[in-house]
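Please examine the sequence and the coordinates shown here before turning to the report.

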Amino acid sequence: MAEAAPLGGRPAARTLHVAVDQRFASGFAIDARLDVALEPGSMLVLFGPSAAGKTTVLRQIAGLERPDAGAIRFGDDTWCDTTQGVWRPPQSRHVGVVFQEPTLFPHLTVRENIHYGIRVRPRSDPASGSASGFGDRVRPGSDPGQTWVRPHRTVAEIEKVLGIEGLEDRYPRALSGGEGQRVALARALAPDPQLLLLDEPFAALDLPTRLRLRREVRTLLQLTGTPAILVTHDRGEALAMGDVVAVLIGGRVRQVGPVSDVFSRPADAAIATSLGIETVVPGRVDGTSDGLVRVAVGAVSVDAAERDPIPNDTAVYVCIRAEDVTLESGASGPASARNHLPALVVSIAHEGPIDRVTLDCGFGLDAVITRRSREELNLAPGAQVTAAIKATSIHLVPRL
Amino acid sequence: MDWSAIWLSVRLAVTTTLVLLAVGIPLAYWIVYSPARWKFLVESIVALPLVLPPTVLGFYVLVAIGPLSPFGRAYARVAGHGLPFTFEGLLIASVLYSMPFAVQPFATEFASVDRRLLEASWSLGASRLETFRRVVIPLSVRGLVTGIVLSFAHTLGEFGVVLMVGGNLPGVTRTVSISIYDAVQSLDYASASRTSLLLLIVSFLILTCTYSLQRSVWLKPRR
């Protein structure tokens, strides 16, 4: 069995295979197919509008809900396969689950909550008996004979990243929403799950707390090497946290891919509507002057006006709405738009009175213009143009 | 005052409550968590003593444990004596009679535990039984106390069932309520009023404790 060993050698990516059907009394049906390789510490985002079935799919992966038919596999483990009658209960899947609400055990202290999932080693082992240390504890439900030791410092490190070391003797009712969710995260990660499942865990929090917690989660995943699946309908969250995104609409997985690909190139109109049509390209901050952030995108650089300063060398997603891109023929003269990018017309798609022009300006960029403008500019595939974008129209999402 | 009757009643009430704890917790657990469709039948049977006249219940118990039933004969063969008009027979009747007073508060409290807490516990590797022990039971303390107190008080005051199954043997089956009845029959009003007052005060104290617990007058709100 390929166990993830976060603090030891680099474990390999494990494939999550989901192919599930579930029908509800309301008539809503889930028919989700998904195959994603999850690198250690990476995050898959299940993105989609509300009532798309995201939470149900996540609960099926957790083993908290049974699909009518289908299979769920993670790495070499089969968690569910209705054709072979295989069903592993949540207890034996070694997944950590964090819900939208903290759902801490109200009768236990923060410390007892965090340690709830950590099992003591069987009695036969001479190292057992110490109630305080964690060096001699094993992952719950491990196969007999296979002892997995979680070093003491890791639980402490998790608590340190989350900043909850001082709360250990409190009861959950004395915690704020953000603290509660941090404790829930620590509790889910303490037994070293092989997969962390997050069901909109930040949705109930205020914005500053949400932003801080996103960063902490990202740090924790890298620290522990745990891959994670995040359910969200917040595109900013999907962009900031996701490595891979799966778009779920009407109970079906409509598109899977790297975040920037899916957001820049939605496969069809329904996906585009749910994502918001926008070019999303990865870039790196390359300097700040006069309140303008210069971002290198491949060989070109663009200027973006950002209210909050972003440190140099930060990896960001550069988001540009097609409506905000204007086209000028030939060479560019001075204008109010900060960015003038020489570009090549790749293709033109007609969408009623509007034309969608796909450009290559060092990175793929879409522009929408009226048909009349297109005719006046005499645009055709292969034409050389200048794409003008105001710095205020370029939106940067720092990657966590 | 008939101290032997009081002592017998207390003994009966304590034993009945202990048996109901052992039987009632698994039964309530099953009623709350079983997916079985026909569990409403079990719930109805458990609740029957609430509506049935004690004499009817007592009559059936008497027949069921008597020498006419296979169970009664089997018990007599093993124990050397029959069940009717013994403490053991009384205990069986009391357990059945007080069953809803234990099982219903238990089940209500178990069912009120947030399901997401159970799911969190399962995901953390705890089995269903372990989750019950570590999460459901600690969060159901109030329901457990209510059930215990109510079964105790209910057994202490029972009359009809005891009379049917146990009769009126001093020190063996003559409980407080029967002793009061006897006292009144023999026009010993002084003894009847002393014992009645004692029973009234005890019952009132017990119920006061129960309701104050339920209203959480003394405990902090749970959530």
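## Confidence of the model

The structure is a predicted model. Chain A has an average pLDDT of 84, and 87% of its residues score at least 70.

Where pLDDT is low, the predicted coordinates should not be read in detail.

## Make-up of chain A

Chain A contains 9 helices and 23 strands. Its length is 400 residues, of which 52% count as buried. Of the contacts in chain A between residues at least 6 apart in sequence, 66% link residues at least 24 apart.

## The largest pocket

The volume of the largest pocket is about 760 Å³. Its lining consists of 24 residues, and those closest to the centre are A:Leu211, A:Glu306, A:Asp308, A:Leu396 and A:Pro398. By class, the lining comprises 12 nonpolar, 3 polar and 9 charged residues.

Three elements of chain A each contribute at least two lining residues: helix 5 (207-224), helix 6 (235-241) and strand 23 (394-398). Helix 5 of chain A provides the largest share of the lining, with 7 residues.

A:Glu216 is located in helix 5 of chain A. This glutamate has a relative accessible area of 12% and is therefore classed as buried, the cut-off being under 20%. Leaving aside residues up to four places away in sequence, A:Glu216 touches A:Val161, A:Leu162 and A:Arg182.

A:Pro227 sits in the loop that joins helix 5 to strand 11 (228-232) of chain A. With a relative accessibility of 5%, A:Pro227 is likewise buried. The C-alpha atom of A:Pro227 is 6.2 Å from that of A:Leu38, although the two residues are 189 residues apart along the chain. Beyond residues up to four places away in sequence, the contacts of A:Pro227 are A:Leu38, A:Glu39, A:Gly41, A:Ser42, A:Phe74, A:Gln194, A:Leu195 and A:Leu196.

## Helix 6 of chain B

Helix 6 of chain B spans residues 115-123; because 7 of its 9 residues are buried, this helix is largely enclosed by the rest of the structure. The buried residues are B:Leu117, B:Leu118, B:Glu119, B:Ala120, B:Ser121, B:Trp122 and B:Ser123.

Just after helix 6 of chain B, B:Gly125 adopts a positive phi of about 95°.

## Cysteines

Across all chains, the count of disulfides is 0. For A:Cys361, the closest cysteine sulfur belongs to A:Cys319 and lies 14 Å away; a disulfide requires sulfur atoms within 2.5 Å, so this separation is too far for a bond.

Is A:Cys361 buried or exposed? A:Cys361 is buried, with a relative accessible area of 4%. B:Cys209, by contrast, is partly exposed, with a relative accessible area of 47%.

Notes: Residues numbered from 1 in each chain as written. Chains lettered and ligands numbered in written order. Predicted model: local features only at pLDDT ≥ 70, side-chain atom pairs only at ≥ 80, totals over all residues. Heavy atoms only, no water. pLDDT = per-residue confidence, 0-100. Buried < 20%, exposed > 50% of the residue type's maximum accessible area, 1.4 Å probe, protein only. 1 Å grid on protein atoms, 1.4 Å probe; cavity = no way out; pocket = protein on both sides within 12 Å on 5 of 7 lines; lining within 4 Å. Points joined across faces, edges and corners; volume = space filled by probe spheres on them. Helix = DSSP H or I, 4+ residues; strand = E, 2+ residues; numbered from the N terminus. Nonpolar A, V, L, I, M, F, W, Y, C, P; charged D, E, K, R; others polar. Contact = heavy atoms within 4.5 Å.
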